[in-house]
Amino acid sequence: MKDPSLRRSVTLFRAFLNEQSDPDACYSLLARDAADQLERYGPLADRTVVDIGGGSGHFTEEFRRRGAHSFLFEPDVRELRDRAPEGTVVADGYLLPLADGAADICFSSNVLEHVEDPRTFVSELVRVTAPGGLIYVAFTNWYSPWGGHEWAPWHYLGAERARRRYERRTGRRAKHTLGENLFRIHIGTTLRHVRSRTDVELVTARARYWPFLPAVVPKIPVLREFATWNLLLILRRCP
């Protein structure tokens, strides 16, 4: 799928709607899309790619299919769903069991909104990336229509109200609780942080799924907090 294209965006959106009923199809498609995005900056073959918080391993498996030496580091064994790729390491993203500069590419998809201290998390991604290497960070910001995850878009009316509504409607306990495993994260704050760092260069900041002008939307204050939906940052580790 060409990036950006309306067909790509529609296909991804349809997959997201079926994420609960068919997660393998959804995340396999998302993994192929993420690999395509990375390959805009060079081939994955023979590169060392670390996938931080990649859950059940769909991203790691896709990177390996493209010839990368890819390894999954996941802190929550429940997310592995009995299908973890060979060599998976259960590890905290704040303190990865990797040497400085071990990775050519450090990859993190939809993890940043689940960590209490995103600055420390990003610093750890930077630490394990080799000079000249790439850091892929994508996240769903709080004011996105999907910011409340399974209880979105009712999070606009308050997190606890949205969570209780979800549990009443579905009869299931919500997976996410604000302040425990889901945190408010914003586009403007994150961009200011990465731009202030001296150890990385911001290569691109774009609305990950947008079919039109994906690099323009994140530049517009206020609007970006609602319209970006999911921010993709590509950073390059400085020498």
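Strand β1 (residues 48-52) pairs with β2 in the parallel sense over five bridges; two strands count as paired if DSSP finds at least two bridges between them. Within this pairing, Asp 51 stands opposite Leu 72 in β2. Helices (H or I, at least four residues) and strands (E, at least two) are DSSP runs, numbered from the N terminus.

This is a predicted model, in which local features need pLDDT of at least 70, side-chain atom pairs count only at pLDDT 80 or more, and totals for chains, interfaces and linings use all residues. Residues are numbered from 1 along each chain as its sequence is written, and side-chain values use heavy atoms, with hydrogens and water left out.

Strands β1 and β2 belong to an open sheet of six strands with mixed pairing, in the order β2-β1-β3-β4-β6-β5. Its edge strands, β2 (69-73) and β5 (200-207), each pair on one side only. On average, neighbouring strands of the sheet are turned by 15° against each other, direction ignored. Helix α6 packs on the sheet and touches β4 (129-139), β5 and β6 (231-237); contact means heavy atoms within 4.5 Å. The direction of α6 makes about 5° with that of β6. Axes are lines fitted to C-alpha atoms, for helices over the stretch in contact, and angles run from 0 to 180 degrees between N-to-C directions.

The second largest pocket has a volume of about 180 Å³. A pocket is an open set of points on a 1 Å grid where a 1.4 Å probe fits, with protein on both sides within 12 Å along at least five of seven lines; lining residues have an atom within 4 Å of a point. Of its 14 lining residues, Pro 118, Arg 119, Ile 185, Thr 189 and Thr 190 are the closest to the centre. The elements giving two or more residues to this lining are α4 (118-127) and α6 (187-196). The lining divides into six nonpolar, four polar and four charged residues.

Most residues other than glycine have a negative phi, and most peptide bonds are trans.

Note on methods. Grid points are joined across faces, edges and corners, and a volume is the space filled by probe spheres set on the points. Ala, Val, Leu, Ile, Met, Phe, Trp, Tyr, Cys and Pro count as nonpolar, Asp, Glu, Lys and Arg as charged, and the others, Gly among them, as polar.
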